[in-house]
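My notes follow the coordinates.

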Amino acid sequence: MALTPGVRPQAARMADERRLIARAQAGDSGAFRELVELHQARAYTLALRILRSASDAEEVAQDAFVRVWTALPGFRGESSFGTWLYRIVARRSFDRAQVLSHRRARERLDEQLPEHAGSEPEQDALRSAMLERLIGDLSPAQRAAVTMFYYEGRSVEQVANLLGMPENTVKTHLLRARAALRAAWTHETGEER
């Protein structure tokens, strides 16, 4: 029986990760450091997409890893380590986003696009920046769902699993996010999307 290409390396990576988890659960900080190195980029990226601030994302990712280290002895492996970690990162990001939104509501100044646009590449850059800003105005849960579904290409099931939400809740967040983005885009540009 022939193995599907990539199956063995995937199985080997999962076995290696399980060994690292077992060593880290036993108090091996070197093994935990390896787990951090395996997952830090994706944890940071998820936090960054939710929070839209590099310094806040770095702080949340670090905090999530500290929480993982302290909770690791109780990790039972009912989900993958990555899923468990990303749920923690998402929840910590949502908490941080709520704190930041209250702070920003007090400090926020309306951002305006230039009245006249220049060349086509400049217009594309302005449109892209506007879309990013509009995504930033979504709720943290909607932003996380949009990021994972559209930017990372994850399925609704995967997004639900990572965020610890029912699939129908993820679908609702995506539906509401699309409607909000469409309405905001039309309001800002006068263009129907």
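Which helix gives the most residues to the lining of the largest pocket? I found that H1 does, with 10 residues. I note that this is a predicted model, where local features need pLDDT of at least 70 and side-chain atom pairs count only at 80 or more, while totals for chains, interfaces and linings use all residues. Residues are numbered from 1 along each chain as its sequence is written, and side-chain values use heavy atoms, without hydrogens and water.

Confidence. I looked up pLDDT (the predictor's confidence in each residue, from 0 to 100). The protein averages 82, and 84% of the residues score at least 70. Over residues 108-118 pLDDT stays under 50, and the model has eight contacts (heavy atoms within 4.5 Å) beyond four places in sequence for that stretch. Where pLDDT is low, the predicted coordinates should not be read in detail.

I get a volume of about 730 Å³ for the largest pocket. A pocket here is an open set of points on a 1 Å grid over the protein atoms alone, where a 1.4 Å probe fits, with protein on both sides within 12 Å along at least five of seven lines; lining residues have an atom within 4 Å of a point. The volume is the space filled by probe spheres set on the points, which are joined across faces, edges and corners. Of the 25 lining residues, Met14, Glu17, His39, Ser80 and Gly82 are the closest to the centre. Helices (DSSP runs of H or I, at least four residues, numbered from the N terminus) that give two or more residues are H1 (7-25), H2 (29-51), H4 (81-107) and H7 (156-163).

Helix packing. The axes (lines fitted to C-alpha atoms over the stretch in contact, with angles from 0 to 180 degrees between N-to-C directions) of H7 and H8 are 8 Å apart at about 105°. H7 and H8 are therefore roughly perpendicular (65 to 115 degrees). Val156, Glu157, Val159 and Ala160 of H7 meet Glu167, Val170, Lys171 and Leu174 of H8. H6 (140-151) and H8 (167-189) come within 9 Å and cross at roughly 95°, so they too are roughly perpendicular.

Definitions and conventions:
Angles under 35 degrees count as roughly parallel, over 145 as roughly antiparallel, 65 to 115 as roughly perpendicular and the rest as oblique.
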